Amino acid sequence: METRPEITKKHKKMHLSRYRNRWGWLLISPAVSGLTLWVALPLLVSLVASLCDWDMVGPPQYIGLNNYKMMFTVDPSFWQAVGVTAYYTFAGVPVQIIVAFVTALLLNTNVRGIRFFRTLYYLPSILPIAVNSVLWLWLFNPHFGLLNIILEWFGFPPQRWVFGSETVIPSFILMSLWSVGSTVIIFLAGLQGIPRELLEAVEIDGGSGWHRFRHIILPLMTPIIFYTVVIGFITGVQTFTQPFMMTGGGPANASLFYVLHLYRQAFQFSHMGYACAMAWFLFVVTMIISGVIFKSSSLWVFYEGEVKK
Amino acid sequence: MLYSVLIIGALFTTMPFLWLLRSSVMNMREIFTMPPVWLPEKPQWKNFADVFTMLPFGRFFLNSGIIVALNIIGALFSNTIMAYAFARIDFRGRNIMYALCLSTLMLPQVVTLVPLVVIWKYLGGLNTFAPLTVPAFFGNAFYIFMLHQFFKTIPLEYDEAAFVDGANYLQIILNVIMPISKPALAVVAIFSFMYTWNDFFGPLLFLNEEKMYTVALGLKMLTGMYSTQWHILMAAATLVVLPLIVLFFFAQKYFIEGLTLGGLKG
């Protein structure tokens with residue numbers, strides 16, 4: 001090992017902070033270039049492209065805000081796509097979170113074999129969405145699919161599932177519940193982190209099970225609910241593979257999700273400028289809605305150490 | 001009472017799996033029998049072999065394997081050093097850069113992926129593995145956050161002791177931090193495996209030649225070509241799922257840890 005030159009204490013301190021700055025930035029330089037290359041640059045490119053008419057073959061033609069005008073006023077599929085995505089996301093996310101939460105409460109018990117059940121509940125969520133899509137398309141099959149067979153057992157009429165324009169989005173939501181296991185695990189970890197003393201204190205005070213849930217468990221879980229709402233929302237608006245592989249946006253555009261429409265505009269019709277305008281609209285809208293979710297969090301998310309009235 | 005609810009839930013989660021397996025070993029006639037039969041007369045193992053002859057699935061598995069391996073290497077390497085810097089070096093601008101980095105978690109990927117196709121086209125990277133592997137070497141906010149949380153729990157004295165011995169930060173990361181962070185690194189490797197193996201949108205955008213396809217794209221191609229041969233589709237789906245299930249049973253605890261490490265304790 002080489003010997004270091006003797007330096008005074010003050011000198012050493014200055015030297016150290018410069019040393020830290022240099023190393024800190026050196027080590028995070030991949031992130032800096034990554035943010036530039038994979039985030040800032042694409043955002044910039046798509047902003048410029050959104051102002052152009054561009055088929056990716058010829059040079060882009062500047063057309064001002066025409067793409068945006070077309071999006072909002074001419075293209076009827078655009079609003080259909082917005083509606084479908086909003087329906088799926090705003091109906092699906094609450095259902096997913098409630099189901100995941102209830103399942104986590106159920107799994108947060110100490111009965112025999114509970115670990116086995118936890119594994120069974122979690123397992124579907126590790127599957128690729130492409131596999132889920134093929135598998136559920138088969139389960140949804142009106143004649144030979146498992147779901148209609150089960151309905152028949154119980155005497156219900158068969159459903160058209162993803163093949164009916166009324167039922168396609170509820171079917172996608174049902175399908176998403178199958179993969180809710182990772183959210184369940186997150187909730188479960190949260191439940192297990194609740195201090196026993198708090199729960200026992202309610203019991204000593206004579207509080208009921210509902211009391212315990214309403215005043216201890218639920219408030220302590222709000223940060224996790226908040227996290228899952230945000231993640232669920234971001235995932236929901238980006239839904240693509242299920243409609244792409246299962247319905248092709250049909251029947252009658254009833255499952256024309258936003259990203260599917262965007263994908264087709266870009267790669268099927270070579271409307272790159274228009275697709276980029278759509279991407280920017282999605283970007284701005286997600287930022288606004290995320291902002292609203294974050295802002296609202298001060299009203300209902302409880303952080304430890306904070307006094308709530 | 002509790003058990004009956006647990007069992008109903010478990011039926012909902014396992015039935016699709018059983019249906020998948022059952023369909024994958026049937027023949028065409030059995031699949032389309034009315035009323036449905038539950039099990040095949042004789043399991044048709046050759047369905048699995050047929051998958052490989054109908055489409056070059058061997059090649060697709062190899063492609064997915066290469067992309068996954070490069071992503072794991074990239075993720076381990078880049079995220080470790082960056083999470084280390086964010087967690088344990090007190091440099092100027094650290095907090096703002098960390099916040100900026102985490103803010104990308106909120107960005108819908110679609111927004112950047114579509115223009116990235118244009119950018120990679122100009123770089124000549126379309127239809128190569130580059131767009132699907134190179135970004136892994138630049139870090140990922142989710143893994144950085146996860147490792148950051150883990151590194152925070154290691155006493156700073158470790159670094160200081162190594163520092164006094166004359167080690168620089170890279171040496172500290174390599175010789176001190178990485179050996180004691182094996183569980184967290186395993187989590188990163190497993191999640192990287194899972195996300196890359198399962199990715200559909202990325203390969204769809206960047207790969208357009210059959211010989212470059214990944215398993216997820218192969219599955220899509222198969223559904224397009226043999227849309228009524230459900231026994232083959234189910235056999236292919238089973239094969240695509242198999243590596244994940246095997247991995248899960250060997251490393252179950254890391255899957256769970258990853259979710260709880262990334263999900264909470266913020």
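## First stop: a helix pair

Helix 12 of chain A passes helix 13 of chain A in a left-handed crossing; left-handed says that the near helix is turned anticlockwise from the far one by less than a right angle, and right-handed that it is turned clockwise. Helices here are DSSP runs (H or I, at least four residues), as are strands (E, at least two), numbered from the N terminus. The model is predicted: local features need pLDDT of at least 70, side-chain atom pairs count only at pLDDT 80 or more, and totals for chains, interfaces and linings use all residues. For your selections, residues are numbered from 1 along each chain as its sequence is written, while chains are lettered from A and ligands numbered from 1 in the order in which they are written.

Select residues 258-267 for helix 12 of chain A and residues 272-300 for helix 13 of chain A: their axes come within 7 Å and cross at roughly 155°. Axes are lines fitted to C-alpha atoms, for helices over the stretch in contact, with angles from 0 to 180 degrees between N-to-C directions.

Now show the side chains. Helix 12 of chain A brings Tyr258(A), Leu262(A), Gln265(A) and Ala266(A) to the contact, and helix 13 of chain A brings Met272(A), Tyr274(A), Ala275(A), Met278(A), Ala279(A) and Leu282(A). Contact asks for C-beta atoms, placed from the backbone, within 7 Å. By class, this contact has 9 nonpolar, 1 polar and no charged residues; Ala, Val, Leu, Ile, Met, Phe, Trp, Tyr, Cys and Pro count as nonpolar, Asp, Glu, Lys and Arg as charged, and the others, Gly among them, as polar.

## Second stop: Phe233(A)

Stay in chain A and pick Phe233(A) in helix 10 (residues 209-237). Phe233(A) is buried, with 20 other C-beta atoms within 10 Å. A residue is buried at 20 or more such atoms, exposed at 12 or fewer, and partly exposed in between, with C-beta atoms placed from the backbone. Beyond its neighbours within four places in sequence, Phe233(A) is in contact with Thr89(A), Val93(A), Ile289(A) and Ile293(A).

## Third stop: where the chains meet

Show both chains. The contact takes 71 residues from chain B and 70 residues from chain A. On the side of chain B that touches chain A, helix 1 of chain B gives the largest share, 12 residues. That side has 53 nonpolar, 14 polar and 4 charged residues.

Next, select Ala216(B) in helix 13 of chain B. Ala216(B) is buried, with 26 other C-beta atoms within 10 Å. Not counting residues up to four places away in sequence, Ala216(B) touches Pro128(A), Ala130(A), Asn198(B), Asp199(B), Phe200(B) and Pro203(B).

## Last stop: buried or exposed in chain B?

Colour residues 141-151, helix 8 of chain B: 9 of the 11 residues are buried, so this helix is largely enclosed by the rest of the structure. Among the buried ones are Tyr143(B), Phe145(B), His148(B) and Phe151(B).

Finish at Pro183(B), in helix 11 of chain B. With 12 C-beta neighbours inside 10 Å, Pro183(B) counts as exposed.

Terms used:
Two residues are in contact if their C-beta atoms, placed from the backbone, lie within 7 Å.
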